[in-house]
Amino acid sequence: MTPQLQISRQAKILMVDDVPSNLIALSDMMTTFGYGVEKARDGRSTLEAVKANPPDLILLDINMPDMNGYEVCEKLKADPATRDIPVIFISALSETENIVRGFEIGGVDYITKPFQYREVVARVQNQLMLVYQRRQIEALRAQDRQYFESLNRMKDQFIRMATHDLRNPLNVILGYTHVLDRLEVAESDKPLLNQSVENIRDSVDKMRTLVTDMLDLAQLETGSHLSLSAVVLNDFLQKCLTSFHVLASQEQIELVYEAPPGDACITIDESYMARVVDNLVANAIKYSPPKSKVTVRAWIKGGCTSIEVQDTGIGIPKADLPHLFDAFYRVQNAGSEQVEGSGLGLSIVKTIVEQHGGQITVQSKTGQGSTFRVVLPMNDTI
Ligand code: ADP
């Protein structure tokens, strides 16, 4: 069945005109085309009829006593329940000014008296086709919403399952390494046993980090709620960097901090945002050779807080930059093959920054280094 036929059979049209002969002529014509027709002769009864039984389209005369067509249209457009019903104004041929006004207050089209019947039908069908298409789009959107909601529920279930079913066995494995520690074995077997236990612990650690990262990302994407508070930017960054000074000097990397001026505050989820800074600084150190420099700086400008982590390390090839924040994406370039990682860090970072209403960008040149910049809006209601 074509949409046009479907429209004709189902569409209800409300016709409003204070001259009965106009109504009769129009209504006869519409009925011939298979439309359901209702009639009203003044503004008040129009509003009542629309409320009681909303039509698919209204043909509305402009010149009526008491309440004219514009006033009726304005009232319909002001009410969310009726604002989407298309209104076609009925106007006298000479009333160009009126037609313009009709469009301004929300009319979708007009027909002129005396009626050219084929033109009237064409204009009505046009508008009904648009109504039909809009409803189809709304129905598809509702279907999509339902689909995504069910996917989200599945994701929630997966997170709950994974939390227990993946983490618990890892704890059990770790528990058994303590048993192995206490095992009495021949002196000659001890090195092998110790090495094996260390390898197991190492693998469990990596798996635990991966599981935690995956769960965190899934939870963040599902829309976890940030716990926001105002913190002094300088204190926050100093605290984040505390644990990196030792690591940096072990790797022979100069870690420089350029503090923001004054004691400006930012509103953030401190523990999530600390994860962002930790991740960026850890990467900067991980992907830099000895004797290079990592600089962390922050500043406030134009209502935004910027935090930048710059390194003079191996850099990132241009072709990889667009994918860098994708989950599990790892760059395969010289200098990074020995570095361990899951490829989840930057996608967690991006998700956290975006949940704060901010943006993260990267600039990089192979062999020269990378600069990651986080820009956060300075408002209390993220
Ligand atoms: P990973 O756990 O692999 O470090 P990330 O998501 O943190 O995962 O980073 C994704 C990839 O981006 C890394 O594998 C690395 O190749 C590249 N990368 C991230 N930060 C830097 C950096 N500062 N310098 C060079 N490459 C980087």
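## Basis of the model

Because the model is predicted, local features need pLDDT of at least 70 and side-chain atom pairs count only at pLDDT 80 or more, while totals for chains, interfaces and linings use all residues. Residues are numbered from 1 along each chain as its sequence is written, and side-chain values use heavy atoms, with hydrogens and water left out.

## Domains

The protein chain comprises domain 1 (3–115), domain 2 (142–221) and domain 3 (229–377), with bounds from an automatic or database domain assignment. The centres of domain 1 and domain 2, taken over C-alpha atoms, are 66 Å apart.

## The largest pocket

The largest pocket has a volume of about 900 Å³. A pocket is an open set of points on a 1 Å grid over the protein atoms alone, where a 1.4 Å probe fits, with protein on both sides within 12 Å along at least five of seven lines; lining residues have an atom within 4 Å of a point. Grid points are joined across faces, edges and corners, and the volume is the space filled by probe spheres set on the points. Of the 33 lining residues, Asn 283, Lys 286, Tyr 287, Glu 340 and Gly 341 are the closest to the pocket centre.

Helix H7 (190–221), helix H10 (270–286), helix H11 (345–355) and strand E12 (369–377) each give two or more residues to the lining; helices (H or I, at least four residues) and strands (E, at least two) are DSSP runs numbered from the N terminus. H10 contributes the largest share, eight residues. Since domain 2 and domain 3 both give residues to the lining, the largest pocket lies between them.

## Nonpolar surface patch

Phe 158, Met 161, Leu 210, Met 214 and Phe 328 make a nonpolar surface patch of about 420 Å². Such patches join nonpolar side chains (Val, Leu, Ile, Met, Phe, Trp, Tyr) within 5 Å, from residues with over 30% relative accessible area and no salt bridge; accessible areas come from the Shrake-Rupley method with a 1.4 Å probe, and only the protein chains shown count as cover for residues. Helix H6 (117–181) and H7 each supply at least two patch residues, and Met 161 lies in H6.

## Salt bridges and backbone

The whole structure holds 18 salt bridges, each a side-chain nitrogen of Lys or Arg within 4 Å of a carboxyl oxygen of Asp or Glu. One joins Arg 123 to Glu 119, with the closest N and O atoms 2.9 Å apart. These residues are four apart in H6, so about one helical turn separates them.

The peptide bond from Lys 113 to Pro 114 is cis, with omega near -5°; Pro 114 is in the loop between strand E5 (109–113) and H6.

Definitions and conventions:
Patches are made of residues with over 30% relative accessible area and no salt bridge: like charges are joined within 9 Å, nonpolar side chains (Val, Leu, Ile, Met, Phe, Trp, Tyr) within 5 Å.
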